[in-house]
Amino acid sequence: MAESTDDARPAGHAADSHDLIRVHGARENNLKDVSIEIPKRRLTVFTGVSGSGKSSLVFSTIAAESQRLINETYSTFVQGFMPTLARPEVDVLEGLTTAIIVDQQRLGADPRSTVGTATDVNAMLRILFSRLGRPHIGPPSAYAFNVPSVRASGAITVERGNRKAERATFTRTGGMCPRCEGRGTVSDIDLTQLYDESKSIAEGAFTIPGWKSDSFWTVRVYAESGFLDPNKPIGKFTEQEMQDFLYREPTKVKVEGVNLTYEGLIPKIQKSFLSKDRESLQPHIRAFVDRAVTFTTCPECDGTRLSEGARSSKIDGISIADACAMQISDLAEWVRGLDEPSVAPLLTALRQTLDSFSDIGLGYLSLERPSGTLSGGEAQRVKMIRHLGSSLTDVTYVFDEPSIGLHPHDIQRMNELLLQLRDKGNTVLVVEHKPETIAIADHVVDLGPGAGTAGGTICFEGTVEGLRASGTITGRHLDDRATLKETVRRPTGKLEIRGANAHNLRDVDVDIPLGVLTVVTGVAGSGKSSLIHGSLPGRDGVVLIDQGAIKGSRRSNPATYTGLLDPIRKAFAKANGVKPALFSANSEGACPTCNGAGVIYTDLVTMAGVAAPCEDCEGKRFQAAVLEYRLGGRDISEVLAMPVDEAEEFFGSGDARTPAAHRILGRLSDVGLGYLGIGQPLTTLSGGERQRLKLATHMADKGGVYVLDEPTTGLHLADVEQLLGLLDRLVDSGTSVVVIEHHQAVMAHADWIIDLGPGAGHDGGTVVYQGTPADLVAARSTLTGRHLADYVGA
């Protein structure tokens, strides 16, 4: 080792001066010229009420610019295949590092996407079985349920020397079950829901929505095809007629001199209704599909999605189907028991990935679980798995409420993972509401003071102790603790659940009391959602409000989503004596220059596109002539620019009084969205805002039982109090409310608690307690009981 003779070290290296991420003049969404310095290699938590601008600062500004700059390092050719990202509205961003975003966006809900395919564990298992499985059936693709087996033969011409045709055969062995095509389920169509067999086609036998007897493209094709007798009752068709009616391959026919395609009823229904996303269908079409189509486990592969060959190849008596069906914690033990030097590197990588599932609290999942069924919190933790064992340092990890969907018992484990990532030399930025996670922060940034236009400024930055003493909304509510009720409501009836055995449930029998606030709780993976979602939906009067994403484009807004725009348009039309369609930016009233979008979008191919306000309508989205019409002294664009609270007052009295609009606005205000602009694009709403918007919409449904799935998601500590008031009002109005929840404040406020456990996966699936919160706290017999007792200070 050479000795250093330079005793006088410099005071500091120039590179060490870049220890801060500097943001100056951020104006994305509702941010008001925000300037802030965030320390690197520290854990910084961003707090503030829902809609205060946390996501706008962290995701839409810092993370978005980091990703845009990384994309610009690629060649123009490569950038052409990548999504183009616009530069955020910010003056200066310095000191950025590579950002890895771990958000709550649901994983793809494709029928063939599973936990195993989403995390690449299936890819490693396929290689393992292709090397060690006996009998050997082929390469890794032979074990893939997304790869069909292919056989082809024929003449090929080789372009070499004297060209000549050669006979060639081609085969590829895939693992896809040919019956269900790798889906694990097959659809059965109930023919009685499609037609009345006692009637003829001419008498209107079809009961399919939209199939009217004079419809040229549907009913008349069958009536005048020549394959069927339109005057004979369908029940009296011959075997050949029934085959043509239900299953005939597409065939060209002439109807009144027009060439049309005749196709059997079953394939036509599958193409018309079943090939579309269920959520995108109109409500009456969705109801028809739910009635007419049943999905059953594929009888050929027994739901494993795999071909017979893939299921027959085994390692120590375990097939790849068995491995994917195992709970991941059990699969990790099985892999640990394999000792084969020839595949040692593969086994090491597989063990590390499977252990990461357990480290992150997802050991209760199985690899065959469809990825679309994961909750937002589970999806976020699945995305974390690929980063846990990473050797990368000095990167910025950005998390969006990582505590979502976690029992208080699991939050401690999540906190340890965040600290591990920081201690490896990374910058960790977390948007969070839970006090348990805020408490471990090195640095806190509190945005506010309010939401929407009342937010967008930095109220506080510093330590957690400084936040407590700061007097901001977050500081004041950080140590809030709900108290147990002195008296609880008495049930007026019960909903019986008998023999529930979905996923990990063990023939659970439980009675859910009616007329009270019932909270279903338990550690993540204990079976809460399986019990409630698997047993209650479909029953009369049950309205389910889940965590599913809201479908909507930049043209959708709270007014269109809730149905508020209809009474507003009618009120404008009545007051001015014109058509309602004029007051829709998606219909006749749209500005012809921007087609009602309010902006002109210029696509610059590989560079970020530019969206400039439309010069003709100045971003108002409507034709100038439409803006001449007024209601209560306001034009339609001014009304859509109003926040909910102002609009509620506007439509509540005077010339603009519109009871139908006032009722909808009242519901939006009740769920804490009074600050939201009624014309604000849905794409700019945060996760918590979207769920409360969905809740406000469903409050109009005529249902006796509301089922809410973690309604505190994305809610600030101060807003939880308002939510509890809303739940009380719902119950007092005669509605039964069932809430799946981890937040201790909601548990403490409940009239009845059903606690599942004791653990997750096969260690859960049983009811470990049912009764009042006070008795649960007194007994401290379960994990939930102990954490709730600590929370209320009992």
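1. How many residues line the largest cavity, and which of them lie nearest its centre? In this predicted model, the lining of the largest cavity is made up of 19 residues, and those that lie nearest the centre are E401, K434, T712, T713 and H743.

2. As to the volume and make-up of the largest cavity, the space inside amounts to about 140 Å³, and the residues of its lining divide into nine polar, five charged and five nonpolar. The structure as a whole holds seven cavities of 30 Å³ or more.

3. The second largest cavity contains about 110 Å³ of space and has a lining of 15 residues, with N122, F145, T304, L306 and C324 lying nearest its centre. Eight residues of this lining are nonpolar, four are polar and three are charged.

4. Two helices deserve a look when the second largest cavity is inspected: α4, spanning 121-132, and α10, spanning 320-325, each supply at least two residues of its lining. The largest share of that lining comes from α10, which provides three residues.

5. A separate point concerns T437, which is found in helix α15, residues 435-438. T437 counts as buried because its relative accessibility is 1%, where the cut-off for buried is under 20%. When neighbours within four places in sequence are left aside, T437 is in contact with V45, S403, I411, N415, L418 and E432.

How values were computed:
Residues are numbered from 1 along each chain as its sequence is written. This is a predicted model: local features need pLDDT of at least 70, side-chain atom pairs count only at pLDDT 80 or more; totals for chains, interfaces and linings use all residues. Side-chain values use heavy atoms; hydrogens and water are left out. On a 1 Å grid over the protein atoms alone, a cavity is a set of points where a 1.4 Å probe fits but cannot get out, and a pocket is an open set with protein on both sides within 12 Å along at least five of seven lines; lining residues have an atom within 4 Å of a point. Grid points are joined across faces, edges and corners, and a volume is the space filled by probe spheres set on the points. Ala, Val, Leu, Ile, Met, Phe, Trp, Tyr, Cys and Pro count as nonpolar, Asp, Glu, Lys and Arg as charged, and the others, Gly among them, as polar. Helices (H or I, at least four residues) and strands (E, at least two) are DSSP runs, numbered from the N terminus. Buried means under 20% relative accessible area, exposed over 50%, partly exposed in between (1.4 Å probe, protein chains only). Contact means heavy atoms within 4.5 Å.
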